Amino acid sequence: MDIFLQQLINSLSVASVTILIGMGITLIFGLAGIVNFAHGEFLMVGGMVTWLLVMAGVNFFIAMFGAMAAVGVLGYVAERTLFRFTLNRPMNGFIMSIGLSVILQNVVIKALNEVQKSIPDPIAKVWAIGGVDIIAMRAIVVAITVVVVAITYFGITRSRYGVALRASVSDQDTAALMGIPVRRYVTGVFIYGSVLAGLGGALMIALFPITPFTGSVVIIRGFAVSLIGGLGNVGGAVVGGLVLGLVDALSAQYGYPQWTDAYSLVVMIVILILRPQGLLGGTLGPRAT
Amino acid sequence: MVAARLEITGLRKKFGGVVALAGVDVSIDGSGITGIIGPNGSGKTTLFNVVTGAHKPTAGRVTWNGQDITALPAYRIARLGLVRTFQQAMSYPGLSVRDNVSIGFEHGRSIGSTDRRWRSPDEVLAFVGLDGLGEEVAGSMSFGNLRRLGIAVALAADPVLLLLDEPAAGLSDSEAGDLRELILRFPKMGIGVCLIDHDMALMGAVCDHFIVLNFGTKIAEGAPAEVLQNAKVLEVYLGVDL
Amino acid sequence: MSADQRRDAVAMPGFSANTRKTGSSGWLERPPLDHIVMGVAILAFLIAFPFFNPGYRFLSLAITTGFTAIALYGLALQFGQAGIMSVGHAGIMGIGGYTAAILANQLGIGFWLALPASILLSALAAGLVGLPSLRVGGQHYIIITFCFCALLVIALTNGGDFTGAATGLDVGPIAGPFGINLAKLRNMYYLVMLALVVSLVLTYVIVHSPYGRTLWAIRENEPLARAVGINTNFHKIGVFALSGAFAGAAGILQTYYLRHISPPLYGAFPSLYLALMVMLGGARPLYGPLLGAIIVTFLPEVGGLDPIDSRIAYGVGLLLVILLLPAGVSGGLLGLYRSMIGRQRRAEKG
């Protein structure tokens with residue numbers, strides 16, 4: 001059981017990264033109607049930026065903000081130059097995001113190389129709590145995620161902007177008629193989702209080495225998380241991330257670890273088929289009624 | 001052969017919390033022209049959707065010629081001769097007019113049988129007055145012709161009972177007149193009609209039987225003249241709408 | 001949702017003009033003259049190509065183009081006719097490829113007997129993978145196909161000796177009939193091209209038969225299609241199976257050309273590239289998929305790009321196609337050609 005608890009905390013830290021990327025996917029889908037396929041690459045770029053900064057001697061936690069800013073700018077540019085033209089044809093936007101992911105992955109390979117990158121542990125401590133060894137960095141990753149999830153959740157449910165945002169998600173045309181600058185919200189959400197991916201990338205490289213191909217692995221988990229919970233539903237992404245974390249922990253402990261990824265994919269496909277709107281019920285995109 | 005009959009018993013349909021049909025019992029004669037009237041939101045189109053299998057009912061039973069069709073998929077119901085038209089999406093807009101009709105012709109009830117009503121898609125086009133327009137792209141036609149095409153697509157599938165959903169909506173007076181002539185020809189060919197429309201002049205002129213719905217229930221039925229004298233109908237329907 | 005999906009489908013890139021042109025009500029109308037001319041020209045070129053001494057490299061690329069195009073014709077059928085995109089097509093190819101390799105390694109069955117088995121199993125797999133599309137639409141479904149590829153790679157990698165695990169499996173050369181040596185590259189080239197021509201003709205026949213018209217009707221207005229008696233679910237799964245059959249044929253040809261296969265060949269990224277090729281070439285025009293395969297296979301060689309550069313180029317190309325040429329490259333060229341012809345005719349009249 002102790003080992004399982006340790007495994008669970010490890011899985012939770014991995015789940016944290018997936019929750020961050022799942023939240024980004026879900027937010028962008030909710031407002032722009034696009035499942036951003038390049039989101040995994042956004043995370044990978046965030047990790048690479050962190051690596052570059054840390055290698056240049058910058059403190060990890062400052063590098064983390066650097067990664068968030070860099071990926072935020074990336075998201076802004078992508079929205080302005082690409083996705084704003086496909087807002088009324090989400091399918092085209094989705095296919096463009098596939099193209100974007102191919103470009104980003106190969107640009108990173110070209111600019112750096114294919115070799116995996118890692119940074120020294122930002123905090124190399126192990127806490128022993130009640131016989132369970134907890135790696136400090138993992139706990140910090142979980143803590144940061146909890147804070148970000150809380151900020152996002154309250155931002156959406158409580159703040160004035162959040163209400164306007166939800167109005168735009170449920171009916172863009174009416175929201176626009178009521179004076180809500182929907183287009184600006186789309187851009188804003190794109191940037192916010194990208195910043196979360198940048199944060200996810202920084203946290204990820206703090207835990208594991210990453211390669212230019214990390215994005216394509218992460219995106220599948222991001223899809224799984226956001227689809228299990230329900231696309232467009234922020235709380236759903238959290239639930240999805242926890243479900244996935246639990247599946248991972250269980251399979252690492254009791255199942256065949258080499259099939260770990262397969263379990264989460266199967267869980268996702270089964271949930272999608274039984275409940276296309278996800279466990280918590282997502283939206284079907286901004287245009288569906 | 002006994003005249004075809006559509007029996008609907010205790011039909012209920014809920015969308016989330018909204019009750020669209022609250023237990024409808026009707027029996028529709030498959031050889032006459034039955035009009036279904038009622039204010040907007042009274043459940044007329046939902047009734048069509050459920051009967052033709054587009055939506056599954058929450059409860060209740062639909063039988064057609066004694067056969068239970070409640071759980072059948074839409075295409076099987078169509079092949080039994082219950083064919084409907086649509087208010088809005090009437091055609092396959094990217095296909096030519098002839099291809100539109102061919103689709104119905106190739107998949108309808110009498111496919112493979114020797115006594116088909118129509119020998120070719122062009123015959124259907126001529127019947128509804130679209131002859132010579134076979135090469136046109138459906139999506140580029142005038143609204144009036146699109147309505148005709150919608151009926152032609154359904155006719156080509158060789159219906160026994162044709163369910164027309166607001167066929168006169170958006171038509172000019174003269175087009176509505178043509179439509180009236182067209183509908184009146186169906187019973188003589190052995191095609192029954194069940195008709196939804198708000199054009200009371202049209203309804204009064206063609207229907208031999210009225211069914212009145214309100215809030216998802218039947219509130220009256222009978223010969224048109226009778227029904228229009230009914231106090232309840234005057235109150236909930238005509239009183240509101242006129 | 002469905003109305004939106006329909007609008008999406010019509011507006012998706014890779015689709016040429018939004019109309020289907022047919023003349024007679026006969027079973028299969030005669031192909032228009034420019035199609036025949038184009039077909040004969042392509043055929044002549046394909047036969048003559050090895051005689052220009054293309055060298056080992058170009059002949060190999062031509063073979064790759066060939067089996068890739070065969071797979072693309074399947075994907076184009078599914079995407080162009082039924083309007084359902086998939087990024088799991090390489091996985092379906094993998095089912096065909098591994099079927100052949102496993103039959104060869106376990107039972108010693110050669111190419112010709114494995115061919116129908118590969119086609120059949122790929123068709124079956126594609127039909128199964130297509131099932132969720134009846135419930136889950138649009139982007140959600142594409143993600144499912146993407147996950148299918150990821151699952152397949154995991155399964156193949158963990159398949160032990162049966163699938164050769166991460167190393168994969170080897171197969172011998174094809175035993176050619178009449179003593180034809182199919183280990184020789186030129187002969188392999190002709191075999192693949194024969195299969196390509198068969199795929200092209202089959203595609204034409206399917207698209208222009210009443211079956212193609214039925215598929216078209218389903219894509220344009222599914223509720224109406226059901227209302228006149230079309231079993232839409234059956235036909236949709238049918239298209240997936242057909243599409244899978246093409247992929248299966250492509251998969252076995254690829255296996256016997258490479259003589260060695262391993263899981264990464266069939267993962268999510270090869271699938272993405274297949275989708276990208278269909279978008280680049282255009283799914284509706286008859287020669288679109290072929291053009292897509294040619295562009296992507298030959299670009300690195302002709303443009304002198306290394307694989308990384310060329311992948312960036314494909315990505316940029318895809319973005320440009322969607323933003324500027326929503327009908328795909330061939331659709332765009334076709335539109336240009338038509339408008340030029342139209343202008344010429346108007347000029348002659350006036």
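## Chain B at a glance

Buried residues make up 48% of the 242 residues in chain B, where a residue is buried if 20 or more other C-beta atoms lie within 10 Å of its own, exposed if 12 or fewer, and partly exposed in between, with C-beta atoms placed from the backbone. Please keep in mind that this is a predicted model, in which local features need pLDDT of at least 70 and side-chain atom pairs count only at pLDDT 80 or more, while totals for chains, interfaces and linings use all residues. Residues are numbered from 1 along each chain as its sequence is written, and chains are lettered from A and ligands numbered from 1 in the order in which they are written.

Chain B has 9 helices and 10 strands; helices (H or I, at least four residues) and strands (E, at least two) are DSSP runs, numbered from the N terminus. The radius of gyration of chain B is 17 Å, close to the 18 Å from the globule rule for 242 residues, so chain B is as compact as a globular protein of that length. That radius is taken over C-alpha atoms, and the globule rule is 2.2 Å times the number of residues to the power 0.38. Along the principal axes, the C-alpha atoms of chain B fill a box of roughly 50 × 40 × 40 Å. Of the contacts in chain B between residues at least 6 apart in sequence, 69% join residues at least 24 apart; two residues are in contact if their C-beta atoms, placed from the backbone, lie within 7 Å.

## Strand β1 of chain B and its partners

Two strands pair if DSSP finds at least two bridges between them. Within this pairing, Lys13(B) has Leu21(B) in β2(B) as its bridge partner. The hairpin of β1(B) and β2(B) has 2 residues between the strands, and Gly16(B) takes a positive phi near 60° there.

β1(B) is also joined to strand β4 (residues 59–64) of chain B by 5 bridges, and these two strands run antiparallel. Here the bridge partner of Thr9(B) is Arg61(B) in β4(B).

## How the chains meet

Of the 2 pairs of chains in contact, chains A and C share the most contacts. Chains A and B do not touch, and their nearest C-alpha atoms are 13 Å apart.

Let us take chains A and C: 37 residues of chain C are in contact with 36 residues of chain A. On the side of chain C that touches chain A, the elements giving two or more residues are α1 (2–11), α6 (138–157), α12 (268–281) and α14 of chain C. α6(C) gives the most to this side, with 11 residues. The residues of this side of chain C divide into 28 nonpolar, 5 polar and 4 charged, where Ala, Val, Leu, Ile, Met, Phe, Trp, Tyr, Cys and Pro count as nonpolar, Asp, Glu, Lys and Arg as charged, and the others, Gly among them, as polar.

## The largest nonpolar core

A nonpolar core is a set of buried Ala, Val, Leu, Ile, Met, Phe, Trp, Tyr and Cys residues joined through C-beta atoms within 7 Å. The largest one has 260 residues, and Ala152(B), Ile70(C), Ala71(C), Leu72(C), Val228(C) and Val278(C) touch the most other members. Helix α8 (residues 182–207) of chain A gives the most to this core, with 15 residues. In soluble globular proteins, nonpolar side chains tend to be buried together.

Leaving aside neighbours within four places in sequence, Ala71(C) is in contact with His89(C), Met93(C), Phe246(C), Ala247(C), Ala250(C) and Leu274(C).

## Residues to look up in chain C

Ala165(C), in the loop between α7 (160–163) and β1 (169–170) of chain C, has a phi near 45°, a positive value in a residue other than glycine. Ala165(C) counts as partly exposed because it has 15 C-beta neighbours inside 10 Å. Arg259(C) is found in the loop between α11 (232–258) and β2 (260–261) of chain C, and its phi is near 65°, a positive value in a residue other than glycine. With 14 C-beta neighbours inside 10 Å, Arg259(C) counts as partly exposed.

Leu324(C) belongs to helix α14 (residues 307–324) of chain C. Leu324(C) counts as exposed because it has 9 C-beta neighbours inside 10 Å. Its C-alpha atom is separated by 33 Å from that of Gly248(C), 76 residues apart along the chain.
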